[in-house]
Amino acid sequence: MKQVSEESANDEMHRLLGRLIHAYARLDHFVGLQIAWLGDYRGRSVADLLVKGVNSAKRLRCLRQLALETWAHSDPKVAKEFAAWFKAVRYSQEQRNRLAHGRWGYMHSDAQEIEFVELSWETEATKLKPAVKVPMTDFRQLVADVESLQPKFLKLQETFESRTRYTKAWEEANPAGLVNWAKHQAELVK
């Protein structure tokens with residue numbers, strides 16, 4: 001195994017932490033965009049979920065419901081694929097929150113791990129949580145997993161896109177839109 005300097009190891013740790021936080025912020029933004037689109041598509045009012053301060057778990061529940069209604073409403077296999085994606089998002093969310101709201105120690109370049117302490121208001125040394133050692137391989141994988149979530153959702157959406165259909169009321173009120181949608185659906189099955 002190639003020995004790296006402590007400085008370059010710490011630089012990598014900080015880059016990965018920045019990438020993790022940025023990837024999660026982009027994912028949260030993506031979830032909001034999907035809710036806005038699917039909410040409109042399903043004729044639901046979702047504006048109250050798209051404001052600052054709304055719990056991301058609440059937005060995820062809404063997106064899950066809208067996604068399942070749109071693509072997986074009658075197919076357990078499709079529902080299972082979407083459920084796996086939402087499970088991965090929840091795991092990433094937990095890890096991001098744990099790691100972003102903590103105190104990072106130094107990278108141990110010889111062991112390829114980082115020491116990390118979860119933040120706490122505890123003042124008694126005997127009650128403090130012990131430091132956690134995070135292997136760099138696990139940290140790199142977590143970052144890669146979070147960065148891959150948005151493209152995975154889009155791939156699922158694309159895979160099952162032919163299952164979507166606007167409501168009858170929308171179709172009747174938007175004849176030009178319905179024609180365009182029908183053309184798009186025809187292209188999907190070619």
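At a relative accessibility of 17%, Gln157 counts as buried, because buried means under 20% relative accessible area. The model in which this residue is seen is a predicted one, and Gln157 has its place there in helix α4, which covers residues 136-159. When residues up to four places away in sequence are not counted, Gln157 touches Gln34, Trp37, Trp71 and Phe82.

Helix α3 runs over residues 76-100 and has 25 residues, and from its first C-alpha to its last it reaches 35 Å, which is close to the 36 Å expected at 1.5 Å a residue. As a general point, an α-helix has 3.6 residues a turn, so residues three or four places apart point the same way.

The axes of α3 and α4 come within 10 Å of each other and cross at roughly 145°, and the crossing in which α3 passes α4 is left-handed. On the α3 side the contact is made by residues that include Glu81, Phe82, Trp85, Phe86, Val89 and Leu99, while α4 contributes, among others, Phe139, Leu142, Lys152, Phe153, Leu156 and Gln157. By type, the residues of this contact divide into 13 nonpolar, three polar and two charged.

Several of these names return in the largest nonpolar core, which has 41 residues and in which Phe82, Trp85, Phe139 and Phe153 are those with the most contacts. At least two residues of this core are supplied by each of α1, α2 (56-72), α3, β2 (113-118) and α4, and the largest share, 12 residues, comes from α1.

Phe139 shows how such contacts draw on separate parts of the chain: leaving out residues up to four places away in sequence, Phe139 touches Met13, Leu16, Leu17, Leu20, Leu99, Trp104, Ile114 and Val134. Among these, Leu16 is found in helix α1, which spans residues 6-41. Leu16 is buried, because its relative accessible area is 4% and the limit for burial is under 20%. Apart from its neighbours within four places in sequence, Leu16 is in contact with Met136, Phe139, Arg140 and Val143. Leu16 and Leu142 are 126 residues apart in sequence, and yet their C-alpha atoms are 9.4 Å apart in space.

Key:
Residues are numbered from 1 along each chain as its sequence is written. This is a predicted model: local features need pLDDT of at least 70, side-chain atom pairs count only at pLDDT 80 or more; totals for chains, interfaces and linings use all residues. Side-chain values use heavy atoms; hydrogens and water are left out. Helices (H or I, at least four residues) and strands (E, at least two) are DSSP runs, numbered from the N terminus. Buried means under 20% relative accessible area, exposed over 50%, partly exposed in between (1.4 Å probe, protein chains only). Contact means heavy atoms within 4.5 Å. The expected span of a helix is 1.5 Å times one less than its number of residues. Axes are lines fitted to C-alpha atoms, for helices over the stretch in contact, and angles run from 0 to 180 degrees between N-to-C directions. A crossing is left-handed if the near helix is turned anticlockwise from the far one by less than a right angle, and right-handed if clockwise. Ala, Val, Leu, Ile, Met, Phe, Trp, Tyr, Cys and Pro count as nonpolar, Asp, Glu, Lys and Arg as charged, and the others, Gly among them, as polar. A nonpolar core is a set of buried Ala, Val, Leu, Ile, Met, Phe, Trp, Tyr and Cys residues joined through side-chain atoms within 4.5 Å.
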